[in-house]
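Keep the viewer open as you read.

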Amino acid sequence: MINKKRKPSEVSTLTKVISYVFIIIVVLISLFPFYLMFVSSTLTTGEILSIPPKLMFGDNFINNLNNLKEEMNIGRVILNSVFISVTYTFFTILINSMAGYGLAKFKFKGRNLIFALIMGTMMIPLQVLYIPQFTMMTTFGWANQYQSVIIPSLANAFGIFLMRQNMTSFPTSLIESARIDGYGEFSIFFKIVLPNMKPALGALGIYSFMTQWGSFMWPLIILSTKDMYTLPVALASLDGLMYKDYGMMMLGAAISTIPVLIIFLLFQRQFISGLMGGAVKE
């Protein structure tokens with residue numbers, strides 16, 4: 001018998017089909033927990049714990065929402081999270097992009113040493129910083145206030161590293177030409193450099209927003225009243241000792257997850273482009 005070899009086009013098509021099937025399976029497995037969370041937000045605790053579990057939406061959404069409103073001021077909590085996350089993201093982008101620009105485009109003594117020290121801070125566990133940060137915030141009289149959550153981590157090593165790596169790929173000749181034309185350093189930075197760093201700014205913005213939106217331990221330590229709680233802290237307070245309303249808890253988790261999903265889906269291209277931007281140098 002003669003073995004017929006498959007044509008390269010047939011092998012390529014078969015490989016693509018297998019790859020697509022594998023990707024679809026992985027995507028479905030990844031999305032299933034989110035689907036189950038949204039379904040559970042419409043069910044009662046008994047329905048959630050039933051065997052086999054219910055995989056279709058129920059009719060207990062309004063009841064779960066009313067219970068959630070009784071347990072916490074959901075509007076104020078969402079407002080706290082939005083204000084803290086947006087403010088933190090804005091100033092993080094501003095400070096880290098300026099620091100990255102300075103380290104990438106200005107030549108001065110100790111530049112590499114400063115950058116090495118900044119990168120070295122990434123090895124310090126966050127838990128080590130909680131006590132000195134708490135002492136500083138209480139000394140300043142900032143405990144249980146928005147600035148105590150926002151300010152301590154505005155300048156961070158990852159943000160400076162990301163922006164520096166992207167700034168190194170920006171043509172120095174454009175900066176020098178702008179200086180010859182009479183532009184000041186701040187004008188060059190805001191009018192010429194930043195508009196060309198949109199992918200990196202988008203990546204840093206998404207990362208910063210998602211990090212602050214999901215931050216739990218530090219807000220739990222520094223915020224002491226329920227009207228100042230962020231969503232993660234407020235959701236943790238729903239975990240009762242005697243009785244757990246899983247439907248209400250899943251609804252709260254769904255509300256907390258939706259903004260992050262929307263932002264990431266809308267700006268995922270900028271996020272990936274920004275992370276890869278530092279790979280190409282001038």
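Asn-144 sits in the loop between α6 (126-140) and α7 (146-150). Asn-144 isn't a glycine, yet its phi is positive, about 60°. Helices here are DSSP runs (H or I, at least four residues), strands are E runs of at least two, and the numbering starts from the N terminus.

The loop between α2 and α3 is where you'll find Pro-52. Ile-51 and Pro-52 are joined by a cis peptide bond, with omega at about -5°.

## What you're looking at

This is a predicted model, in which local features need pLDDT of at least 70 and side-chain atom pairs count only at pLDDT 80 or more, while totals for chains, interfaces and linings use all residues. Residues are numbered from 1 along each chain as its sequence is written, and side-chain values use heavy atoms, leaving out hydrogens and water.

## Around α10

Two packed helices are described by the angle between their axes and the distance between the axes. The axes are lines fitted to C-alpha atoms, for helices over the stretch in contact, with angles from 0 to 180 degrees between N-to-C directions.

Take helix α9 (residues 172-180) and helix α10 (residues 185-193): their axes come within 10 Å and cross at roughly 130°. The two are therefore oblique to each other (under 35 degrees is roughly parallel, over 145 roughly antiparallel, 65 to 115 roughly perpendicular, and the rest oblique). On the α9 side, Ile-175, Ala-178 and Arg-179 make the contact, and α10 brings Glu-185, Ile-188, Ile-192 and Val-193 (contact means heavy atoms within 4.5 Å).

Helix α4 (residues 74-105) packs on α10 as well, at about 110° with the axes 12 Å apart. That makes α4 roughly perpendicular to α10.

## Aromatic pairs

How many aromatic pairs are there? The count is twelve, where rings of Phe, Tyr and Trp (its six-membered ring) pair if their centres lie within 6.5 Å; planes under 30 degrees apart are stacked, over 60 edge-to-face and the rest tilted.

Tyr-35 and Phe-57 have ring centres 5.9 Å apart and planes at 85°, so they pair edge-to-face. The pair bridges distant parts of the chain, 22 residues apart: Tyr-35 belongs to helix α1 (residues 8-40), and Phe-57 to the loop between α2 (45-48) and α3 (61-71).
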